[in-house]
Each structure stands twice: as structure tokens, then as C-alpha cells.
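The following paragraphs walk through one model, feature by feature. Please keep the sequence and the coordinates open while reading.

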Amino acid sequence: AILINILNPKLSIFFLAFLPQFVSADEPSPLARMFELSAVFMLLTFAVFFGYGLFAAAIRHHVTSRPRVLTWMRRSFAGAFAAAYDAQRADLAQRG
């Protein structure tokens, strides 16, 4: 997973396009400032995803211990996949 993220150019392009506006033109070490801003971004991203993980772990038991909730979730996912299939099939039919 780390290798996939490292080889993914979207994040690098984002950093090169977005972060320079926060680096002053008279900055003595602009590259160091870019690395600092990138590190802050990555730290905040990690904190958010860590929070998502904690939230998911906290509600996991509440979801898996209720058969009605599981049934509702399975039906919802099945309906979403069926709708996506129908949309794709309609798009292919329209293209001819």
C-alpha cells in the first residue's frame, strides 16, 4: 500500500500545485518549507483517518450485533449494485 501511494502521482502533483502559494518568495529555504507543509498535511490526514478508524471500531459492535441492521445494509448494498449495473447497461445500450 505504501508503494502504491508513493508511485501515485496525484498527491505529488497536488503538493506541487497547491502548497507553493503558502511559501513566501523571500523564504530562505523554500524546499524545507514545502517539506514542512507537506508533513503537516500528512499528519492531519493521518489524524482524520485514525479518527475514522476509531469511529468504525466503536460502531462495529452495534451494527454486527443487530440482525435487522445487517439485513438492511445487505439489501441497501445489493440495491446500489443493481442500480449501478442498470445505469451502466443503459449507458452501453445508448452508445449503441
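**Salt bridges, rings and a pocket**

Two salt bridges are present in the structure, a salt bridge being a side-chain nitrogen of Lys or Arg within 4 Å of a carboxyl oxygen of Asp or Glu. The model is a predicted one, in which local features need pLDDT of at least 70 and side-chain atom pairs count only at pLDDT 80 or more, while totals for chains, interfaces and linings use all residues. Residues are numbered from 1 along each chain as its sequence is written, and side-chain values use heavy atoms, with hydrogens and water left out.

One of the salt bridges joins Glu36 to Arg33, with the closest N and O atoms 2.9 Å apart. Glu36 and Arg33 are three residues apart in helix 3, so about one helical turn separates them. Helices here are DSSP runs (H or I, at least four residues), numbered from the N terminus. Glu36 is partly exposed at 43% relative accessibility, and Arg33 is likewise partly exposed, at 26%. These classes follow relative accessible area, computed with a 1.4 Å probe on protein chains only: buried is under 20%, exposed is over 50%, and partly exposed lies in between.

Another salt bridge links the side chains of Arg95 and Asp91, at 3.1 Å from N to O. Both residues belong to helix 4 (residues 67-95), where they sit four residues apart, about one turn of the helix. Arg95 is exposed, with a relative accessible area of 67%, whereas Asp91 is partly exposed at 30%.

How far apart are the end C-alpha atoms of helix 4? They are 42 Å apart, which agrees with the 42 Å that its 29 residues should span at 1.5 Å a residue; the expected span is 1.5 Å times one less than the number of residues. Just after helix 4 comes Gly96, with a positive phi of about 100°.

The aromatic residues come next. A pair of aromatic rings is described by the distance of the centres and the angle of the planes. Across the whole structure, a search finds seven aromatic pairs. One of them is Phe14 with Phe18, a stacked pair at 5.1 Å centre to centre and 15° between the planes. Rings of Phe, Tyr and Trp (its six-membered ring) pair if their centres lie within 6.5 Å, and planes under 30 degrees apart count as stacked, over 60 as edge-to-face and the rest as tilted.

Phe14 and Phe18 are four residues apart in helix 2, so they too are separated by about one helical turn. Phe14 is partly exposed, with a relative accessible area of 31%, and Phe18 is partly exposed at 36%. A single aromatic cluster takes in Phe14, Phe15, Phe18, Phe22 and Phe41.

Phe35 is located in helix 3 and is exposed, with a relative accessible area of 56%. From Phe35 to Arg89 there are 54 residues in sequence and 46 Å in space, C-alpha to C-alpha.

Which residues line the largest pocket? They are Asn5, Ile6, Asn8, Leu11, Ser12, Phe41, Met42 and Thr45. On a 1 Å grid over the protein atoms alone, where a 1.4 Å probe is used, a pocket is an open set of points with protein on both sides within 12 Å along at least five of seven lines, and lining residues have an atom within 4 Å of a point. The volume of this pocket is about 250 Å³, a volume being the space filled by probe spheres set on the points.

Helix 1 (2-7), helix 2 (9-18) and helix 3 (30-64) each give at least two residues to the lining, and helix 3 has the largest share, three residues. By class, the lining has four nonpolar, four polar and no charged residues; Ala, Val, Leu, Ile, Met, Phe, Trp, Tyr, Cys and Pro count as nonpolar, Asp, Glu, Lys and Arg as charged, and the others, Gly among them, as polar.

Asn8 lies in the loop between helix 1 and helix 2 and is partly exposed at 26% relative accessible area.
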